[in-house]
Amino acid sequence: MSQAVHKNRTLIAAIGDEDTVTGLLLAGIGDIDAHQRANFVVVDSKTTQVQIEEAFTSFTKRKDVAIVLINQHIADDIRGILDEYSAAFPTVLEIPSKDHPYDPTKDSVLKRVQLLFGD
């Protein structure tokens with residue numbers, strides 16, 4: 001695919017716990033577009049699985065998002081949707097959080113890479 005197709009994908013979206021999203025916002029990823037849509041969602045104990053799924057679906061359909069970062073322990077709540085997602089853009093990356101260490105055995109992207117290389 002040509003670069004022109006993806007040239008407008010300039011944002012990083014985040015779905016994570018408060019500490020992770022706050023850190024990413026302080027790093028400068030925050031954006032609210034003309035339709036008042038933020039590129040981040042803070043997930044807490046009151047957030048439902050449906051809300052997480054809707055945020056993920058919304059971010060992956062946006063034409064201005066290049067990368068979706070999601071805490072791995074939150075990704076576990078929507079593992080079925082993540083495993084079915086196969087588009088190159090936006091790329092979905094699972095990241096650790098302060099309270100939940102990274103587990104490579106659960107990472108859907110790493111599983112695909114291992115499958116490609118026959119590991």
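**Entry: sheet and side chains**

I began with strand S1 (residues 11-16) and strand S3 (residues 65-71), which pair in the parallel sense over five bridges. Here, strands (E, at least two residues) and helices (H or I, at least four) are DSSP runs numbered from the N terminus, and two strands pair if DSSP finds at least two bridges between them. Leucine 11 stands opposite valine 65 in S3.

A note on provenance: this is a predicted model, where local features need pLDDT of at least 70, side-chain atom pairs count only at pLDDT 80 or more, and totals for chains, interfaces and linings use all residues. Residues are numbered from 1 along each chain as its sequence is written, and side-chain values use heavy atoms, with hydrogens and water left out.

Next I looked up the strand order: the open sheet has four strands, S2-S1-S3-S4, with parallel pairing. S2 (40-42) and S4 stand at the edges with a single partner strand each, so one side of each lacks a neighbour in the sheet. The twist averages 20° from one strand to the next.

Then, is serine 97 buried or exposed? Serine 97 counts as buried because its relative accessibility is 10% (buried is under 20%, exposed over 50%, partly exposed in between; 1.4 Å probe, protein chains only). I found serine 97 in the loop between strand S4 (91-95) and H6. Beyond neighbours within four places in sequence, serine 97 is in contact (heavy atoms within 4.5 Å) with Asp17, Thr20, Asn71 and His73.

Last stop: phenylalanine 117, in helix H6 (residues 108-117), counts as exposed because its relative accessibility is 65%.

Methods. Axes are lines fitted to C-alpha atoms, for helices over the stretch in contact, and angles run from 0 to 180 degrees between N-to-C directions.
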